[in-house]
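Please look over the protein shown below before reading on.

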Amino acid sequence: MLTWATATIAGAFPGIPDGPYNLWLVEQPVPTIPLYRARMAGLASYRSYQGNATMAFSCRRDTPGVVVELVFDPKPLAFDADPYEGPDAKAHGPIVITSGNAPASRQRVSGRYGGDGGPFNTGTPFIFGFPSNAAQLQSWTAARGQPLRIEVPAPAGGAPLILQFRWPDDNAAFLRVVSPCLGKPVEDH
């Protein structure tokens with residue numbers, strides 16, 4: 001298991017795994033269900049607080065579409081995630097996603113509290129989820145080795161929650177997970 005402490009720190013992406021430690025973790029959470037996830041580690045920041053974060057791309061091979069999950073623990077960050085929780089949430093973003101040199105995109109989100117912090121120790125997580133499409137995934141795979149930044153508006157206004165990742169250099173595991181759910185393979189650039 002990759003632990004956060006074993007990752008080296010890159011000057012350009014402080015607090016985010018670098019080199020051989022910046023990789024995709026492929027999961028099949030329940031062996032009897034055809035759900036797979038490709039997950040990468042990152043950093044969550046709000047005001048002057050920081051914590052671990054993950055971004056997971058889920059594909060259920062018997063269902064079309066890829067779901068993106070952003071996972072972090074809001075408590076040590078002092079971020080009020082409650083307005084984003086559930087189907088009747090008062091807040092939906094939109095979040096702003098910037099990948100490499102591509103133009104920023106906006107995405108509405110909903111959220112929920114999860115059970116545990118998972119393999120990258122995100123504490124008691126809050127999970128933002130949203131669907132992704134082939135064009136968006138294609139632009140992200142082209143950002144290999146580049147920063148991926150997500151801004152989540154604070155419900156009460158003020159500075160946003162920032163989730164930062166460095167897209168891994170090797171896309172093989174990611175493509176193996178998401179391609180079956182898109183009806184056509186995502187090209188690796």
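Which residues are linked with Glu69 in a network of salt bridges? Arg37 and Arg112 are joined with Glu69 in such a network, where a salt bridge is a side-chain nitrogen of Lys or Arg within 4 Å of a carboxyl oxygen of Asp or Glu. This is a predicted model, in which local features need pLDDT of at least 70 and side-chain atom pairs count only at pLDDT 80 or more, while totals for chains, interfaces and linings use all residues. Residues are numbered from 1 along each chain as its sequence is written, and side-chain values use heavy atoms, with hydrogens and water left out.

- In soluble globular proteins, nonpolar side chains tend to be buried together.

**Salt bridges**

- The structure holds 6 salt bridges, and one of them joins the side chains of Arg39 and Glu27, with an N to O distance of 3.1 Å.
- Because Arg39 lies in strand S2 (residues 35–46) and Glu27 in strand S1 (residues 25–27), this pair ties together parts that are 12 residues apart in sequence.
- Arg39 and Glu27 are both buried, a word that stands for under 20% relative accessible area, with exposed meaning over 50% and partly exposed in between (1.4 Å probe, protein chains only).
- In the salt bridge between Arg112 and Glu69, the closest N and O atoms are 3.5 Å apart, and the pair links distant parts of the chain, since Arg112 is in strand S7 (residues 110–113) and Glu69 in strand S4 (residues 66–72), 43 residues apart.
- Arg112 is partly exposed, at a relative accessible area of 41%, whereas Glu69 is buried, at 10%.
- Arg166 pairs with Asp169 in a salt bridge whose closest N and O atoms are 3.2 Å apart; Arg166 is buried at 7% relative accessibility, and Asp169 is partly exposed at 38%.

- Gln107 is found in strand S6 (residues 105–107) and counts as buried, at 16% relative accessibility.
- Leaving aside neighbours within four places in sequence, Gln107 is in contact (heavy atoms within 4.5 Å) with residues including His92, Ile97, Phe130 and Gln136.

Key
Helix = DSSP H or I, 4+ residues; strand = E, 2+ residues; numbered from the N terminus.
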